[in-house]
Amino acid sequence: MMDSNRVMLRILLVLTFIGSGLSMLSYLMFALMLPQLQQTVADNPGLLPEQFVTAAQRMFEVPQLYYGACAILYLISLSGAVLMWKERWSGFHSYTLAQLLLLAVPLLFLGRGFVGIGDVMMTALFVGAYYVLMKRVTATHDDEETNTLQEP
């Protein structure tokens with residue numbers, strides 16, 4: 001039977017699988033297809049509704065390397081979540097490093113105005129929750145191993 005800490009850890013990890021997985025796929029698609037998207041929109045001026053043209057132009061101004069870097073970092077974040085599912089601290093460290101770098105990448109490519117306080121808060125919330133839950137789950141796991149070893 002799973003204890004409540006493991007259940008909560010798994011729920012958060014499922015949210016991370018969804019968020020990081022979808023983000024990784026979308027950034028990867030942009031990294032691979034940015035030139036084709038730019039050409040398609042340039043060749044077909046009426047393709048996008050008027051309200052999306054400005055947003056598309058802003059996205060096209062972002063360097064392709066930015067999208068690739070974010071895709072790789074989301075992949076690292078996702079692999080960290082897989083390791084945390086297996087209750088390995090290396091997963092927590094990978095996830096945390098990737099999330100912190102994801103906060104730094106916009107600073108490097110886009111400038112200070114592109115880091116949102118919401119992104120910082122969500123990163124802090126998830127990293128903090130993972131830390132507490134991993135500590136509780138691995139402490140429980142360590143206690144179970146210690147008790148097993150002490151029994152005749």
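Helix H1 (4-43) gives the largest share of the lining of the largest pocket, 7 residues, where helices are DSSP runs of H or I with at least four residues, numbered from the N terminus. This is a predicted model, in which local features need pLDDT of at least 70 and side-chain atom pairs count only at pLDDT 80 or more, whereas totals for chains, interfaces and linings use all residues. Residues are numbered from 1 along each chain as its sequence is written, and side-chain values use heavy atoms, with hydrogens and water left out.

**The largest pocket**

- The largest pocket has a volume of about 780 Å³, a volume being the space filled by probe spheres set on grid points that are joined across faces, edges and corners.
- A pocket is defined on a 1 Å grid over the protein atoms alone as an open set of points where a 1.4 Å probe fits, with protein on both sides within 12 Å along at least five of seven lines, and lining residues have an atom within 4 Å of a point.
- The lining is made up of 30 residues, and those nearest the centre of the pocket are Ser23, Tyr27, Tyr74, Leu102 and Asp119.
- Two or more lining residues come from each of H1, helix H2 (50-61), H3, H4 and helix H5 (117-150).
- By residue class, the lining holds 20 nonpolar, 8 polar and 2 charged residues, with Ala, Val, Leu, Ile, Met, Phe, Trp, Tyr, Cys and Pro counted as nonpolar, Asp, Glu, Lys and Arg as charged, and the others, Gly among them, as polar.

**Ser77 and Gln99**

- Ser77 belongs to helix H3 (residues 64-85), while Gln99 belongs to helix H4 (residues 89-109).
- The side chains of Ser77 and Gln99 are joined by a polar contact of 2.9 Å, that is, a pair of N or O atoms within 3.5 Å, of which, within protein, one must be able to donate a hydrogen and the other to accept it, residues adjacent in sequence counting only if both atoms are side-chain atoms.
- Ser77 is buried at a relative accessible area of 0%, and Gln99 is also buried, at 11%; buried means under 20% relative accessible area, exposed over 50%, and partly exposed in between, with a 1.4 Å probe and protein chains only.
- Apart from neighbours within four places in sequence, Ser77 has contacts (heavy atoms within 4.5 Å) with Thr16, Ser20, Tyr95, Ala98 and Gln99.
- With residues up to four places away in sequence likewise not counted, Gln99 touches Ser20, Tyr74, Ser77 and Thr123.

- His93, in helix H4, is partly exposed at 49% relative accessibility, and its C-alpha atom is separated by 9.5 Å from that of Val127, 34 residues apart along the chain.
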